[in-house]
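Please look over the sequence and the fold shown here before reading the report, and keep the view open while you go through the sections.

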Amino acid sequence: MNQKFRFNRVLLKISGEALKGAQDHGYDAEAVRKVVRQVKKIMDQGVEVALVVGAGNIWRGVMGRSGGMDRVNADYMGMLATVMNALCLRDFFTAAGIPAVVQSAIKMEPIASGINRDAAVKALESGQLVIFAGGTGSPFFTTDTTAVLRALETDCDAVLKATKVDGVYTADPVKDPSAQRFAELSFDEALARQLKVMDSTAFSMCRDNDLPIIVFNFSEEGSFERILAGDTSAGTIVS
């Protein structure tokens with residue numbers, strides 16, 4: 001256990017957009033390497049990291065639904081896209097010297113094993129990165145909810161939600177310069193204010209199980225490390 005950090009096993013939730021860089025969609029090698037570098041720096045200091053990645057660089061269910069697709073099929077397509085992102089990340093982490101395994105909620109042998117809590121915990125304890133893919137395996141659940149579920153299953157100390165801003169604000173700070181940032185926030189307040197940084201199911205699951213969520217700007221140099229050390233100026237802690 002690293003005494004420097006407040007959290008020693010975390011679930012990092014990143015968006016699919018983090019992998020596409022300046023491209024409209026797909027992957028940008030340097031953007032993926034940037035994710036790997038930041039996570040590797042933390043893991044090299046002994047922090048155990050599990051990861052859930054979204055699919056926005058490939059597919060968004062809302063796109064399919066707006067075009068007349070069935071919600072269930074659109075969600076399944078999103079789940080498949082998260083598997084693709086997980087495989088991409090696994091290879092980049094492996095190339096950087098970080099052993100990584102992918103577990104998928106949808107049967108994907110031989111390219112990924114199924115969800116196995118005991119195997120995931122053993123992998124984390126041995127210093128491997130565990131990437132959870134395929135969502136929850138069911139439609140109508142977001143990757144935010146997936147992140148909370150997997151964090152609870154693997155006894156993580158917190159869920160870290162990587163965003164483009166340094167925490168939760170009263171409004172979108174990009175659109176509203178007067179928006180104020182919260183250093184700390186209760187789950188009840190987050191739900192009452194209908195803050196959209198995570199969906200209500202994810203917030204409720206964390207509240208019911210005393211699992212904190214930390215929202216921070218993943219692209220800001222050193223923010224990941226500061227969050228783990230408990231620096232509330234680097235993000236917002238929802239608990």
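The sections below take up the basis of the model, the sheet, the nonpolar cores and the aromatic side chains.

## Basis of the model

This is a predicted model, in which local features need pLDDT of at least 70 and side-chain atom pairs count only at pLDDT 80 or more, while totals for chains, interfaces and linings use all residues. Residues are numbered from 1 along each chain as its sequence is written, and side-chain values use heavy atoms, with hydrogens and water left out.

## The sheet and a helix on it

Nine strands form an open sheet of mixed pairing, in the order β4-β3-β5-β2-β1-β6-β10-β11-β9; strands are DSSP runs of E of at least two residues, helices are runs of H or I of at least four, both numbered from the N terminus, and two strands pair if DSSP finds at least two bridges between them. Since β4 (113-114) and β9 (184-185) stand at the edges with a single partner strand each, one side of each is left without a neighbour in the sheet.

Strands β3 (residues 100-104) and β5 (residues 129-133) run parallel and are joined by five bridges, with Val-102 standing opposite Ile-131 in β5. Helix α5 (residues 143-153) packs on the sheet, where it touches β1 (9-14), β2 (48-53), β5 and β6 (158-163), contact meaning heavy atoms within 4.5 Å. The direction of α5 makes about 170° with that of β1, the axes being lines fitted to C-alpha atoms, for helices over the stretch in contact, with angles from 0 to 180 degrees between N-to-C directions.

## Nonpolar cores

A nonpolar core is a set of buried Ala, Val, Leu, Ile, Met, Phe, Trp, Tyr and Cys residues joined through side-chain atoms within 4.5 Å, where buried means under 20% relative accessible area (1.4 Å probe, protein chains only). The largest core has 42 residues, of which Leu-12, Ile-14, Val-39, Leu-89, Leu-129 and Leu-160 touch the most other members. Leaving aside neighbours within four places in sequence, Val-39 is in contact with Leu-12, Val-49, Phe-93, Leu-129, Phe-218 and Phe-224. A second, separate core of 28 residues includes Leu-11, Ala-50, Ala-120 and Ile-213.

## Aromatic side chains

Rings of Phe, Tyr and Trp (its six-membered ring) pair if their centres lie within 6.5 Å, and planes under 30 degrees apart count as stacked, over 60 as edge-to-face and the rest as tilted. Phe-216, Phe-218 and Phe-224 form one aromatic cluster. The pair of Phe-216 and Phe-218 is edge-to-face, because the ring centres are 6.0 Å apart and the planes lie at 85°; Phe-218 and Phe-224 also form an edge-to-face pair, at 5.9 Å centre to centre and 65° between the planes. Phe-218 counts as buried at 6% relative accessibility, and Phe-224 is buried with a relative accessible area of 3%.

Methods: Buried < 20%, exposed > 50% of the residue type's maximum accessible area, 1.4 Å probe, protein only.
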